[in-house]
Amino acid sequence: MSAAAQPSSPAPLPPDAPQRHAIVIGGSMAGLLAARVLADHYDRVTVIERDRFPTEPVFRPGVPQGRHVHVLLLRGQAILEQLFPGLQDELAALGAPLLDWTADCRLMNFAGWMPRFASGLTTHTASRLLLEWVVRQRLEAYSQIRWLEAHEAVGLVAGADASRVAGVRLRRRDAAEPPDARAAEELRADLVVDASGRDSHAPEWLETLGYPRPRQTEVNAFVGYASRWYQRPADFQADWKLLLLAATPPTFRGGVLYSTEGERWLVTLSGANRDYPPTDEEGFLAFAQSLPSPLLSEAIRGATPLSPIYGYRRTENRLIHFEELTRWPDGFVVLGDAVSCFNPIYGQGMTTAALAALTLDRQLRAQRARHPDGALSGLGRRFQRALARANALPWLMATGEDFRVPAVIGARPGPLSRLFHSYFDGIIWACPHSAVTFVTFLQVAHLARSPLALFHPRIALAVTRAAIKRRKR
Ligand SMILES: Cc1cc2nc3c(=O)[nH]c(=O)nc-3n(C[C@H](O)[C@H](O)[C@H](O)COP(=O)(O)OP(=O)(O)OC[C@H]3O[C@@H](n4cnc5c(N)ncnc54)[C@H](O)[C@@H]3O)c2cc1C
(Lines give C-alpha, C1' and ligand atoms only; values in the text may rest on other atoms or scores of the structure.)
Protein backbone atom coordinates (compact mmCIF):
# COMPACT_ATOMS: atom_id res chain seq x y z
CA MET A 1 0.00 0.00 0.00
CA SER A 2 1.28 3.49 -0.85
CA ALA A 3 2.13 6.11 1.78
CA ALA A 4 -1.01 7.98 0.72
CA ALA A 5 -3.02 4.91 1.66
CA GLN A 6 -2.29 5.29 5.38
CA PRO A 7 -5.37 6.41 7.32
CA SER A 8 -5.66 10.02 8.36
CA SER A 9 -5.63 10.40 12.16
CA PRO A 10 -9.08 9.98 13.66
CA ALA A 11 -10.48 13.07 15.38
CA PRO A 12 -9.60 12.57 19.06
CA LEU A 13 -12.30 11.33 21.41
CA PRO A 14 -12.86 13.22 24.65
CA PRO A 15 -10.32 11.89 27.20
CA ASP A 16 -13.00 10.40 29.46
CA ALA A 17 -15.01 8.77 26.64
CA PRO A 18 -16.00 5.19 27.54
CA GLN A 19 -14.96 2.28 25.31
CA ARG A 20 -17.37 2.65 22.43
CA HIS A 21 -18.37 0.21 19.77
CA ALA A 22 -20.25 0.62 16.47
CA ILE A 23 -21.54 -2.18 14.24
CA VAL A 24 -22.09 -1.88 10.50
CA ILE A 25 -24.33 -4.50 8.85
CA GLY A 26 -23.16 -5.02 5.24
CA GLY A 27 -19.65 -4.57 3.83
CA SER A 28 -20.51 -3.16 0.39
CA MET A 29 -20.01 0.47 -0.63
CA ALA A 30 -22.45 2.05 1.84
CA GLY A 31 -21.18 -0.10 4.73
CA LEU A 32 -17.51 0.45 3.89
CA LEU A 33 -17.89 4.23 3.68
CA ALA A 34 -19.88 4.29 6.92
CA ALA A 35 -17.15 2.19 8.59
CA ARG A 36 -14.52 4.69 7.42
CA VAL A 37 -16.41 7.57 9.04
CA LEU A 38 -17.20 5.61 12.22
CA ALA A 39 -13.49 4.87 12.68
CA ASP A 40 -13.10 8.60 13.46
CA HIS A 41 -15.73 8.42 16.19
CA TYR A 42 -15.59 4.94 17.77
CA ASP A 43 -12.89 2.92 19.46
CA ARG A 44 -14.11 -0.24 17.73
CA VAL A 45 -16.08 -0.73 14.52
CA THR A 46 -17.30 -4.20 13.53
CA VAL A 47 -18.42 -4.80 9.95
CA ILE A 48 -20.75 -7.81 9.68
CA GLU A 49 -20.86 -9.24 6.15
CA ARG A 50 -22.62 -12.38 5.04
CA ASP A 51 -20.10 -13.04 2.23
CA ARG A 52 -16.44 -13.86 2.58
CA PHE A 53 -14.51 -10.99 1.02
CA PRO A 54 -12.45 -12.02 -2.01
CA THR A 55 -8.70 -11.44 -1.86
CA GLU A 56 -8.74 -9.94 -5.36
CA PRO A 57 -11.11 -7.55 -7.15
CA VAL A 58 -13.55 -10.23 -8.27
CA PHE A 59 -17.29 -10.86 -8.08
CA ARG A 60 -18.98 -11.88 -4.83
CA PRO A 61 -22.61 -13.06 -4.51
CA GLY A 62 -23.72 -10.40 -1.99
CA VAL A 63 -23.27 -7.68 -4.65
CA PRO A 64 -24.86 -9.21 -7.78
CA GLN A 65 -24.93 -5.80 -9.49
CA GLY A 66 -21.11 -5.70 -9.38
CA ARG A 67 -20.86 -7.28 -12.84
CA HIS A 68 -22.60 -4.31 -14.49
CA VAL A 69 -21.30 -0.86 -15.40
CA HIS A 70 -20.89 1.30 -12.29
CA VAL A 71 -20.19 4.96 -12.93
CA LEU A 72 -18.80 6.87 -9.95
CA LEU A 73 -20.16 10.40 -10.26
CA LEU A 74 -17.88 13.44 -9.79
CA ARG A 75 -19.38 14.14 -6.36
CA GLY A 76 -18.89 10.55 -5.24
CA GLN A 77 -15.31 10.62 -6.46
CA ALA A 78 -14.63 13.84 -4.52
CA ILE A 79 -16.04 12.35 -1.30
CA LEU A 80 -14.06 9.12 -1.72
CA GLU A 81 -10.89 11.14 -2.26
CA GLN A 82 -11.66 13.13 0.90
CA LEU A 83 -12.15 9.92 2.91
CA PHE A 84 -9.21 8.09 1.30
CA PRO A 85 -6.61 10.63 0.11
CA GLY A 86 -4.73 9.39 -2.96
CA LEU A 87 -7.45 6.91 -3.99
CA GLN A 88 -7.67 8.27 -7.53
CA ASP A 89 -3.91 7.86 -8.04
CA GLU A 90 -4.18 4.33 -6.73
CA LEU A 91 -7.00 3.50 -9.17
CA ALA A 92 -4.93 4.99 -12.01
CA ALA A 93 -1.92 2.88 -10.97
CA LEU A 94 -4.16 -0.20 -11.10
CA GLY A 95 -5.10 0.61 -14.70
CA ALA A 96 -8.39 2.52 -14.39
CA PRO A 97 -8.52 4.93 -17.36
CA LEU A 98 -8.91 8.66 -16.77
CA LEU A 99 -11.98 9.98 -18.55
CA ASP A 100 -12.83 13.59 -19.38
CA TRP A 101 -16.63 13.51 -19.49
CA THR A 102 -16.83 15.92 -22.43
CA ALA A 103 -13.63 15.19 -24.38
CA ASP A 104 -13.39 11.39 -24.03
CA CYS A 105 -17.06 10.53 -23.99
CA ARG A 106 -19.34 10.11 -27.03
CA LEU A 107 -22.75 10.70 -25.61
CA MET A 108 -26.01 10.57 -27.53
CA ASN A 109 -29.47 11.17 -26.12
CA PHE A 110 -32.86 12.29 -27.47
CA ALA A 111 -31.37 15.71 -28.36
CA GLY A 112 -28.59 14.18 -30.50
CA TRP A 113 -24.83 13.95 -29.97
CA MET A 114 -23.43 16.04 -27.15
CA PRO A 115 -20.59 18.48 -27.95
CA ARG A 116 -16.95 17.41 -27.51
CA PHE A 117 -14.31 19.61 -25.84
CA ALA A 118 -11.99 19.35 -22.83
CA SER A 119 -13.74 20.42 -19.62
CA GLY A 120 -11.59 18.95 -16.86
CA LEU A 121 -14.62 17.06 -15.50
CA THR A 122 -12.67 13.85 -15.02
CA THR A 123 -13.17 10.53 -13.26
CA HIS A 124 -11.36 7.20 -13.28
CA THR A 125 -13.49 4.49 -14.85
CA ALA A 126 -12.66 1.65 -12.47
CA SER A 127 -14.98 -1.34 -12.44
CA ARG A 128 -17.23 -1.67 -9.43
CA LEU A 129 -15.23 -4.78 -8.42
CA LEU A 130 -11.94 -2.84 -8.35
CA LEU A 131 -13.37 0.23 -6.63
CA GLU A 132 -14.94 -1.73 -3.77
CA TRP A 133 -11.79 -3.85 -3.37
CA VAL A 134 -9.49 -0.81 -3.20
CA VAL A 135 -11.73 0.88 -0.63
CA ARG A 136 -11.74 -2.29 1.48
CA GLN A 137 -7.94 -2.59 1.26
CA ARG A 138 -7.65 0.98 2.53
CA LEU A 139 -9.86 0.14 5.51
CA GLU A 140 -7.60 -2.82 6.40
CA ALA A 141 -5.14 -0.17 7.64
CA TYR A 142 -7.57 0.94 10.36
CA SER A 143 -6.81 -1.04 13.51
CA GLN A 144 -10.21 -0.09 15.01
CA ILE A 145 -12.10 -1.94 12.27
CA ARG A 146 -12.86 -5.63 12.72
CA TRP A 147 -14.35 -7.78 9.98
CA LEU A 148 -16.92 -10.42 10.76
CA GLU A 149 -17.21 -12.19 7.40
CA ALA A 150 -19.61 -15.04 6.63
CA HIS A 151 -21.96 -13.76 9.34
CA GLU A 152 -25.50 -12.65 8.76
CA ALA A 153 -27.38 -10.15 10.92
CA VAL A 154 -30.79 -11.65 11.73
CA GLY A 155 -32.25 -9.06 14.10
CA LEU A 156 -31.64 -6.22 16.50
CA VAL A 157 -30.99 -6.53 20.23
CA ALA A 158 -33.29 -4.20 22.16
CA GLY A 159 -32.02 -2.13 25.06
CA ALA A 160 -33.72 -2.43 28.46
CA ASP A 161 -36.95 -0.64 27.42
CA ALA A 162 -36.78 -0.94 23.60
CA SER A 163 -36.18 2.82 23.40
CA ARG A 164 -32.74 1.98 22.13
CA VAL A 165 -30.96 -0.65 20.08
CA ALA A 166 -28.19 -2.34 22.01
CA GLY A 167 -26.69 -4.58 19.36
CA VAL A 168 -27.30 -7.16 16.65
CA ARG A 169 -28.28 -10.83 16.59
CA LEU A 170 -26.20 -12.71 14.07
CA ARG A 171 -25.54 -16.17 12.72
CA ARG A 172 -22.55 -17.79 11.09
CA ARG A 173 -23.16 -18.55 7.44
CA ASP A 174 -20.52 -21.01 6.43
CA ALA A 175 -21.02 -23.51 9.26
CA ALA A 176 -21.82 -27.09 8.24
CA GLU A 177 -25.35 -27.24 9.73
CA PRO A 178 -28.41 -25.68 7.96
CA PRO A 179 -29.00 -21.92 8.66
CA ASP A 180 -32.01 -22.42 10.96
CA ALA A 181 -30.11 -24.87 13.16
CA ARG A 182 -27.35 -22.38 13.88
CA ALA A 183 -27.76 -20.53 17.13
CA ALA A 184 -27.95 -16.74 16.88
CA GLU A 185 -25.36 -14.89 18.93
CA GLU A 186 -25.64 -11.36 20.26
CA LEU A 187 -23.09 -8.68 19.58
CA ARG A 188 -23.55 -5.56 21.67
CA ALA A 189 -22.75 -2.05 20.50
CA ASP A 190 -23.54 1.60 21.19
CA LEU A 191 -24.51 2.26 17.57
CA VAL A 192 -25.81 -0.11 14.87
CA VAL A 193 -25.71 1.04 11.22
CA ASP A 194 -27.79 -0.99 8.78
CA ALA A 195 -26.13 -0.86 5.34
CA SER A 196 -27.42 -4.23 4.16
CA GLY A 197 -28.80 -2.96 0.85
CA ARG A 198 -32.06 -3.41 -1.03
CA ASP A 199 -33.03 -6.53 0.97
CA SER A 200 -32.52 -4.90 4.37
CA HIS A 201 -34.88 -6.11 7.12
CA ALA A 202 -34.81 -2.78 8.99
CA PRO A 203 -38.59 -2.15 8.60
CA GLU A 204 -39.47 -5.57 10.08
CA TRP A 205 -36.80 -5.32 12.77
CA LEU A 206 -38.22 -1.96 13.87
CA GLU A 207 -41.72 -3.46 13.96
CA THR A 208 -40.48 -6.31 16.16
CA LEU A 209 -39.24 -3.70 18.63
CA GLY A 210 -42.68 -2.05 18.69
CA TYR A 211 -42.10 0.77 16.20
CA PRO A 212 -44.44 1.54 13.29
CA ARG A 213 -43.55 0.26 9.84
CA PRO A 214 -42.24 3.10 7.63
CA ARG A 215 -44.03 4.13 4.44
CA GLN A 216 -42.41 3.26 1.16
CA THR A 217 -42.50 5.08 -2.23
CA GLU A 218 -41.73 3.15 -5.37
CA VAL A 219 -41.40 4.14 -9.02
CA ASN A 220 -40.70 1.28 -11.41
CA ALA A 221 -39.97 1.81 -15.10
CA PHE A 222 -39.17 -1.92 -15.54
CA VAL A 223 -35.58 -1.45 -16.59
CA GLY A 224 -33.38 -4.45 -17.34
CA TYR A 225 -29.61 -4.70 -17.86
CA ALA A 226 -27.51 -7.20 -19.79
CA SER A 227 -23.73 -6.89 -19.49
CA ARG A 228 -20.68 -8.54 -20.92
CA TRP A 229 -16.93 -8.03 -20.48
CA TYR A 230 -14.66 -7.83 -23.53
CA GLN A 231 -10.94 -7.53 -24.19
CA ARG A 232 -10.35 -4.26 -25.99
CA PRO A 233 -8.86 -5.18 -29.41
CA ALA A 234 -5.18 -4.14 -29.51
CA ASP A 235 -5.69 -2.32 -32.83
CA PHE A 236 -8.92 -0.56 -31.85
CA GLN A 237 -8.85 3.11 -32.88
CA ALA A 238 -11.38 5.63 -31.57
CA ASP A 239 -11.36 9.17 -30.24
CA TRP A 240 -13.47 8.15 -27.23
CA LYS A 241 -13.09 5.99 -24.13
CA LEU A 242 -16.74 5.85 -23.16
CA LEU A 243 -19.65 5.49 -25.52
CA LEU A 244 -23.04 6.23 -24.03
CA LEU A 245 -26.19 5.83 -26.10
CA ALA A 246 -29.03 6.94 -23.86
CA ALA A 247 -32.59 5.79 -24.48
CA THR A 248 -34.33 7.87 -27.13
CA PRO A 249 -38.14 7.64 -26.99
CA PRO A 250 -40.19 6.10 -28.51
CA THR A 251 -37.71 3.26 -27.86
CA PHE A 252 -36.36 2.80 -24.36
CA ARG A 253 -33.16 1.06 -25.33
CA GLY A 254 -29.71 2.25 -24.39
CA GLY A 255 -26.15 1.01 -24.21
CA VAL A 256 -22.83 1.94 -22.72
CA LEU A 257 -19.33 0.81 -23.57
CA TYR A 258 -17.14 1.52 -20.57
CA SER A 259 -13.35 1.30 -20.78
CA THR A 260 -12.02 -0.09 -17.57
CA GLU A 261 -8.85 -1.53 -15.95
CA GLY A 262 -6.94 -4.28 -17.73
CA GLU A 263 -7.65 -2.83 -21.20
CA ARG A 264 -11.12 -4.28 -20.87
CA TRP A 265 -14.50 -3.04 -21.93
CA LEU A 266 -17.63 -3.54 -19.93
CA VAL A 267 -20.67 -3.28 -22.18
CA THR A 268 -24.07 -2.85 -20.59
CA LEU A 269 -27.26 -2.80 -22.65
CA SER A 270 -30.40 -1.50 -21.01
CA GLY A 271 -34.08 -1.48 -21.85
CA ALA A 272 -37.00 0.12 -19.99
CA ASN A 273 -40.73 -0.51 -20.34
CA ARG A 274 -40.10 -4.28 -19.95
CA ASP A 275 -38.06 -4.26 -23.16
CA TYR A 276 -35.33 -6.26 -21.41
CA PRO A 277 -32.07 -6.87 -23.30
CA PRO A 278 -31.54 -10.58 -23.98
CA THR A 279 -28.76 -12.58 -22.36
CA ASP A 280 -28.15 -14.97 -25.26
CA GLU A 281 -25.38 -14.24 -27.75
CA GLU A 282 -27.58 -13.57 -30.78
CA GLY A 283 -30.20 -11.55 -28.94
CA PHE A 284 -27.56 -9.42 -27.19
CA LEU A 285 -25.91 -8.48 -30.51
CA ALA A 286 -29.28 -7.83 -32.20
CA PHE A 287 -30.28 -5.53 -29.32
CA ALA A 288 -26.93 -3.68 -29.64
CA GLN A 289 -27.57 -3.28 -33.39
CA SER A 290 -31.00 -1.77 -32.71
CA LEU A 291 -29.50 1.21 -30.81
CA PRO A 292 -29.70 4.63 -32.50
CA SER A 293 -25.98 4.57 -33.43
CA PRO A 294 -24.04 1.60 -34.90
CA LEU A 295 -20.84 2.58 -33.01
CA LEU A 296 -21.41 0.19 -30.10
CA SER A 297 -22.32 -2.91 -32.10
CA GLU A 298 -19.45 -2.25 -34.54
CA ALA A 299 -16.97 -1.95 -31.65
CA ILE A 300 -17.94 -5.22 -29.98
CA ARG A 301 -18.13 -7.17 -33.24
CA GLY A 302 -14.32 -7.34 -33.35
CA ALA A 303 -13.75 -7.74 -29.59
CA THR A 304 -13.12 -10.98 -27.69
CA PRO A 305 -15.75 -11.69 -25.02
CA LEU A 306 -14.25 -12.42 -21.58
CA SER A 307 -17.47 -13.39 -19.82
CA PRO A 308 -20.96 -14.75 -20.29
CA ILE A 309 -23.78 -12.20 -20.63
CA TYR A 310 -25.21 -11.30 -17.22
CA GLY A 311 -28.78 -10.07 -16.78
CA TYR A 312 -30.24 -7.91 -14.00
CA ARG A 313 -33.80 -6.63 -13.47
CA ARG A 314 -34.16 -5.35 -9.89
CA THR A 315 -33.94 -1.71 -10.81
CA GLU A 316 -36.96 0.05 -9.33
CA ASN A 317 -36.57 3.38 -7.54
CA ARG A 318 -37.54 2.95 -3.90
CA LEU A 319 -37.50 5.22 -0.87
CA ILE A 320 -38.26 3.96 2.61
CA HIS A 321 -39.41 6.91 4.67
CA PHE A 322 -37.66 6.18 7.97
CA GLU A 323 -37.49 9.96 8.45
CA GLU A 324 -41.27 10.10 8.93
CA LEU A 325 -41.35 7.87 12.01
CA THR A 326 -42.13 9.96 15.06
CA ARG A 327 -40.56 7.40 17.40
CA TRP A 328 -37.10 6.03 16.68
CA PRO A 329 -34.78 3.92 18.82
CA ASP A 330 -31.51 5.52 19.87
CA GLY A 331 -28.41 3.69 18.74
CA PHE A 332 -29.70 2.75 15.28
CA VAL A 333 -29.42 4.27 11.79
CA VAL A 334 -30.13 2.96 8.27
CA LEU A 335 -28.35 4.14 5.10
CA GLY A 336 -27.42 3.27 1.51
CA ASP A 337 -29.71 1.14 -0.65
CA ALA A 338 -31.47 0.02 2.54
CA VAL A 339 -33.07 3.51 2.50
CA SER A 340 -32.95 4.66 -1.12
CA CYS A 341 -32.51 2.70 -4.35
CA PHE A 342 -32.42 4.47 -7.68
CA ASN A 343 -32.88 3.32 -11.25
CA PRO A 344 -29.19 2.52 -11.88
CA ILE A 345 -29.13 4.20 -15.30
CA TYR A 346 -28.35 7.50 -13.54
CA GLY A 347 -25.37 6.08 -11.62
CA GLN A 348 -26.30 7.64 -8.29
CA GLY A 349 -26.19 4.76 -5.76
CA MET A 350 -22.54 4.85 -4.69
CA THR A 351 -22.52 8.65 -4.59
CA THR A 352 -25.63 8.78 -2.40
CA ALA A 353 -23.95 6.16 -0.16
CA ALA A 354 -20.93 8.49 0.06
CA LEU A 355 -23.21 11.45 0.88
CA ALA A 356 -24.84 9.32 3.58
CA ALA A 357 -21.44 8.62 5.14
CA LEU A 358 -20.68 12.37 5.23
CA THR A 359 -24.11 13.02 6.71
CA LEU A 360 -23.41 10.45 9.43
CA ASP A 361 -20.06 12.07 10.18
CA ARG A 362 -21.69 15.52 10.50
CA GLN A 363 -24.45 14.22 12.74
CA LEU A 364 -21.97 12.38 14.98
CA ARG A 365 -19.85 15.52 15.33
CA ALA A 366 -22.91 17.63 16.20
CA GLN A 367 -24.01 14.92 18.66
CA ARG A 368 -20.64 14.97 20.37
CA ALA A 369 -20.89 18.75 20.78
CA ARG A 370 -24.35 18.26 22.36
CA HIS A 371 -23.45 15.22 24.46
CA PRO A 372 -19.72 15.00 25.24
CA ASP A 373 -20.50 11.91 27.38
CA GLY A 374 -21.23 9.95 24.18
CA ALA A 375 -25.04 9.73 24.65
CA LEU A 376 -26.84 9.09 21.36
CA SER A 377 -30.27 10.48 22.25
CA GLY A 378 -32.03 11.83 19.16
CA LEU A 379 -29.12 11.03 16.79
CA GLY A 380 -30.98 8.39 14.77
CA ARG A 381 -34.02 10.56 14.02
CA ARG A 382 -31.89 13.57 13.15
CA PHE A 383 -29.73 11.43 10.88
CA GLN A 384 -32.67 9.86 9.00
CA ARG A 385 -34.16 13.32 8.39
CA ALA A 386 -30.86 14.75 7.13
CA LEU A 387 -30.40 11.72 4.89
CA ALA A 388 -33.90 12.15 3.42
CA ARG A 389 -32.98 15.73 2.51
CA ALA A 390 -29.76 14.54 0.84
CA ASN A 391 -31.70 11.90 -1.15
CA ALA A 392 -34.32 14.33 -2.48
CA LEU A 393 -32.37 15.58 -5.52
CA PRO A 394 -31.15 12.16 -6.74
CA TRP A 395 -34.73 10.95 -6.43
CA LEU A 396 -36.09 13.87 -8.45
CA MET A 397 -33.55 13.26 -11.22
CA ALA A 398 -33.93 9.48 -11.35
CA THR A 399 -37.72 9.40 -11.38
CA GLY A 400 -38.09 12.30 -13.85
CA GLU A 401 -36.88 10.31 -16.84
CA ASP A 402 -38.76 7.21 -15.71
CA PHE A 403 -42.13 8.93 -16.11
CA ARG A 404 -41.61 9.01 -19.88
CA VAL A 405 -41.98 5.22 -19.87
CA PRO A 406 -45.60 4.09 -20.54
CA ALA A 407 -45.37 1.00 -18.28
CA VAL A 408 -44.11 3.01 -15.28
CA ILE A 409 -45.87 2.38 -11.99
CA GLY A 410 -45.62 4.36 -8.79
CA ALA A 411 -46.22 7.71 -7.17
CA ARG A 412 -46.68 10.43 -9.84
CA PRO A 413 -44.57 13.58 -9.37
CA GLY A 414 -46.19 16.74 -8.00
CA PRO A 415 -46.49 20.02 -10.01
CA LEU A 416 -43.12 21.36 -8.82
CA SER A 417 -41.32 18.16 -9.82
CA ARG A 418 -43.09 18.18 -13.20
CA LEU A 419 -41.92 21.75 -13.76
CA PHE A 420 -38.35 20.77 -12.88
CA HIS A 421 -38.53 17.74 -15.20
CA SER A 422 -39.77 19.77 -18.15
CA TYR A 423 -37.09 22.45 -17.62
CA PHE A 424 -34.51 19.63 -17.38
CA ASP A 425 -35.72 18.41 -20.81
CA GLY A 426 -35.20 21.93 -22.17
CA ILE A 427 -31.65 21.86 -20.77
CA ILE A 428 -30.89 18.62 -22.59
CA TRP A 429 -32.19 20.06 -25.88
CA ALA A 430 -29.90 23.07 -25.38
CA CYS A 431 -26.77 20.98 -24.64
CA PRO A 432 -25.73 20.25 -28.26
CA HIS A 433 -25.66 24.00 -28.95
CA SER A 434 -24.19 25.38 -25.72
CA ALA A 435 -20.99 24.15 -24.05
CA VAL A 436 -21.73 26.01 -20.80
CA THR A 437 -25.17 24.38 -20.61
CA PHE A 438 -23.70 20.92 -21.21
CA VAL A 439 -20.99 21.37 -18.56
CA THR A 440 -23.50 22.67 -16.00
CA PHE A 441 -25.91 19.85 -16.84
CA LEU A 442 -23.15 17.28 -16.28
CA GLN A 443 -22.12 18.87 -12.98
CA VAL A 444 -25.72 18.77 -11.73
CA ALA A 445 -26.28 15.20 -13.00
CA HIS A 446 -23.04 14.22 -11.20
CA LEU A 447 -24.45 15.77 -7.99
CA ALA A 448 -21.44 18.10 -7.98
CA ARG A 449 -23.43 21.33 -8.28
CA SER A 450 -26.78 22.62 -7.11
CA PRO A 451 -29.59 22.41 -9.71
CA LEU A 452 -30.07 26.14 -9.13
CA ALA A 453 -27.03 26.58 -11.43
CA LEU A 454 -29.30 25.50 -14.30
CA PHE A 455 -31.36 28.65 -13.82
CA HIS A 456 -28.46 31.04 -14.53
CA PRO A 457 -29.59 33.63 -17.13
CA ARG A 458 -27.01 32.40 -19.70
CA ILE A 459 -28.39 28.90 -19.48
CA ALA A 460 -32.03 30.02 -19.43
CA LEU A 461 -31.27 31.94 -22.63
CA ALA A 462 -29.70 28.85 -24.26
CA VAL A 463 -32.79 26.82 -23.27
CA THR A 464 -35.10 29.45 -24.80
CA ARG A 465 -33.03 29.62 -28.02
CA ALA A 466 -33.05 25.82 -28.40
CA ALA A 467 -36.84 25.76 -27.82
CA ILE A 468 -37.38 28.43 -30.54
CA LYS A 469 -35.14 26.48 -32.95
CA ARG A 470 -37.14 23.30 -32.33
CA ARG A 471 -40.46 25.06 -32.88
CA LYS A 472 -39.23 26.47 -36.22
CA ARG A 473 -38.37 22.96 -37.48
C1 LIG B 1 -27.56 -3.08 -12.09
C2 LIG B 1 -27.07 -1.98 -11.19
C3 LIG B 1 -26.20 -1.01 -11.66
C4 LIG B 1 -25.79 0.02 -10.84
N5 LIG B 1 -24.99 1.00 -11.35
C6 LIG B 1 -24.57 1.99 -10.56
C7 LIG B 1 -23.73 3.02 -11.06
O8 LIG B 1 -23.45 3.11 -12.25
N9 LIG B 1 -23.27 3.96 -10.19
C10 LIG B 1 -23.60 3.93 -8.87
O11 LIG B 1 -23.15 4.79 -8.13
N12 LIG B 1 -24.42 2.99 -8.37
C13 LIG B 1 -24.91 2.03 -9.17
N14 LIG B 1 -25.72 1.07 -8.66
C15 LIG B 1 -26.11 1.14 -7.24
C16 LIG B 1 -25.00 0.60 -6.33
O17 LIG B 1 -24.68 -0.72 -6.68
C18 LIG B 1 -25.43 0.67 -4.85
O19 LIG B 1 -26.12 1.85 -4.60
C20 LIG B 1 -24.21 0.60 -3.95
O21 LIG B 1 -23.63 -0.67 -4.03
C22 LIG B 1 -24.51 0.88 -2.48
O23 LIG B 1 -25.31 -0.11 -2.03
P24 LIG B 1 -25.28 -0.66 -0.54
O25 LIG B 1 -23.89 -0.79 -0.03
O26 LIG B 1 -26.25 0.12 0.25
O27 LIG B 1 -25.93 -2.11 -0.74
P28 LIG B 1 -25.37 -3.35 -1.54
O29 LIG B 1 -24.35 -2.97 -2.51
O30 LIG B 1 -26.56 -4.11 -2.00
O31 LIG B 1 -24.64 -4.22 -0.42
C32 LIG B 1 -25.29 -4.80 0.68
C33 LIG B 1 -24.24 -5.62 1.43
O34 LIG B 1 -24.82 -6.12 2.64
C35 LIG B 1 -24.58 -7.53 2.74
N36 LIG B 1 -25.71 -8.04 3.51
C37 LIG B 1 -27.02 -8.03 3.14
N38 LIG B 1 -27.78 -8.50 4.13
C39 LIG B 1 -26.95 -8.80 5.16
C40 LIG B 1 -27.16 -9.30 6.47
N41 LIG B 1 -28.38 -9.59 6.94
N42 LIG B 1 -26.07 -9.50 7.27
C43 LIG B 1 -24.80 -9.21 6.81
N44 LIG B 1 -24.56 -8.72 5.57
C45 LIG B 1 -25.62 -8.51 4.77
C46 LIG B 1 -24.51 -8.00 1.29
O47 LIG B 1 -23.83 -9.23 1.18
C48 LIG B 1 -23.77 -6.83 0.64
O49 LIG B 1 -22.37 -6.96 0.81
C50 LIG B 1 -26.20 0.06 -9.48
C51 LIG B 1 -27.08 -0.90 -9.00
C52 LIG B 1 -27.54 -1.89 -9.85
C53 LIG B 1 -28.54 -2.88 -9.31
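How far apart are the mean positions of the positive and negative charges of the chain? In this predicted model, the chain carries 54 positive and 46 negative charges, and their mean positions are 7 Å apart.

Let me begin with the chain as a whole. Its secondary structure comes to 12 helices and 22 strands, and the radius of gyration is 23 Å, close to the 23 Å that the globule rule gives for 473 residues, so the chain is as compact as a globular protein of that length. Along the principal axes, the C-alpha atoms fill a box of roughly 70 × 50 × 45 Å. Of the 473 residues, 55% are buried, and the accessible surface comes to about 20,000 Å², with 53% of that area belonging to carbon and sulfur atoms. If we take the contacts with a separation of 6 or more, 73% of them are between residues 24 or more positions apart.

In helix H2, which runs over residues 74-83, the buried residues are Leu-74, Gly-76, Gln-77, Ile-79, Leu-80 and Leu-83, and what covers them includes helix H1 (29-38), helix H3 (87-93), strand S6 (122-124), helix H4 (128-139) and helix H8 (349-370). In helix H6, residues 281-289, the buried residues are Gly-283, Phe-284, Phe-287 and Ala-288. Seen down the axis of H6, these buried residues fall within an arc of 135°, so they line one face of the helix. They pack against strands S13 (224-231), S15 (253-260) and S16 (264-271), and also against helix H7 (295-301).

Val-334 is found in strand S20, residues 332-334, and it is buried, with a relative accessible area of 0%. Setting aside residues up to four places away in sequence, Val-334 touches Asp-194, Ala-202, Phe-322, Trp-328, Val-339, Phe-383, Gln-384 and Leu-387. Ser-290 is 44 residues from Val-334 along the chain, and the C-alpha atoms of the two are separated by 41 Å.

Leu-454, by contrast, is found in a loop, the one between helix H11 (435-445) and helix H12 (457-472). Is Leu-454 buried or exposed? Leu-454 is buried, with a relative accessible area of 0%, and, leaving aside neighbours within four places in sequence, it is in contact with Tyr-423, Phe-424, Ile-427, Thr-440, Phe-441, Val-444 and Ile-459. Between Leu-454 and Ser-163 there are 291 residues of sequence separation and 45 Å in space, C-alpha to C-alpha.

Most residues other than glycine have a negative phi, and most peptide bonds are trans. Leu-447, although not a glycine, has a positive phi of about 55°, and it is buried, with a relative accessible area of 6%. Ala-162, likewise not a glycine, has a positive phi of about 60°, and it lies in the loop between strand S8 (151-158) and strand S9 (165-172). Finally, the peptide bond from Pro-249 to Pro-250 is cis, with omega near 15°, and Pro-250 lies in the loop between strand S14 (242-245) and S15, a strand already named among those that the buried residues of H6 pack against.

How values were computed: Residues numbered from 1 in each chain as written. Predicted model: local features only at pLDDT ≥ 70, side-chain atom pairs only at ≥ 80, totals over all residues. Heavy atoms only, no water. Helix = DSSP H or I, 4+ residues; strand = E, 2+ residues; numbered from the N terminus. Rg over C-alpha atoms; globule rule 2.2 N^0.38 Å. Buried < 20%, exposed > 50% of the residue type's maximum accessible area, 1.4 Å probe, protein only. Contact = heavy atoms within 4.5 Å. Areas by Shrake-Rupley, 256 points an atom, 1.4 Å probe, with all protein chains shown as cover. Lys, Arg positive; Asp, Glu negative; His and termini not counted. Charge placed at Lys NZ, Arg CZ, Asp CG, Glu CD. Arc of directions from axis to C-beta.
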